Amino acid sequence: MKKLILGIALIFISSSSFAYKECAVKTNRLYIGDNGSLWMTFVGGGAANMRNSDVDFKDTYSMLLAAQIADKNVVVRFSDTNAQCNTGTRSDIQGVWLHR
């Protein structure tokens, strides 16, 4: 019985660890300041920030800068499944996709 309960608990824990929300956006401003934080604002509203202590900081900044120079959209992945794509300021970036 204990193994069954443990198995069910692991299923729920592991499935929630893959929960996220992806937002297709185009950046219109990138700013680095405030002790190394990256701030981005999106066309159509909304903003996000990332601290320079994040392990993906340099790669994310490089990708966002390349996308802005090329006038391309990106898909930003947020850890909150209820994230609103074009409102508020997010600080839970998990990753960024660059599409052709």
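The model is predicted, so local features are taken only at pLDDT of at least 70 and side-chain atom pairs only at pLDDT 80 or more, while totals for chains, interfaces and linings use all residues. Residues are numbered from 1 along each chain as its sequence is written, and side-chain values use heavy atoms, with hydrogens and water left out.

An open sheet of 3 strands runs in the order β1-β5-β7 with antiparallel pairing, where strands are DSSP runs of E of at least two residues, helices are runs of H or I of at least four, both numbered from the N terminus, and pairing requires at least two DSSP bridges. Because β1 (21-25) and β7 (93-98) each have a single partner strand, they stand at the edges, and one side of each is left without a neighbour in the sheet. Strand β5 (residues 74-78) is joined to β7 by 5 bridges, and F78 has I93 in β7 as its bridge partner.

Helix α2 (residues 57-69) lies across β5 and β7. Its buried residues (under 20% relative accessible area, with exposed meaning over 50%, partly exposed in between, 1.4 Å probe, protein chains only) are F57, T60, L64 and A67. Seen down the axis of α2, these residues fall within an arc of 105°, taken from the directions from the helix axis to the C-beta atoms, so they line one face of the helix. On the other side of α2, K58, D59 and I69 are exposed.

Conventions: Contact = heavy atoms within 4.5 Å. Axes fitted to C-alpha atoms, helices over the stretch in contact; angles between N-to-C directions.
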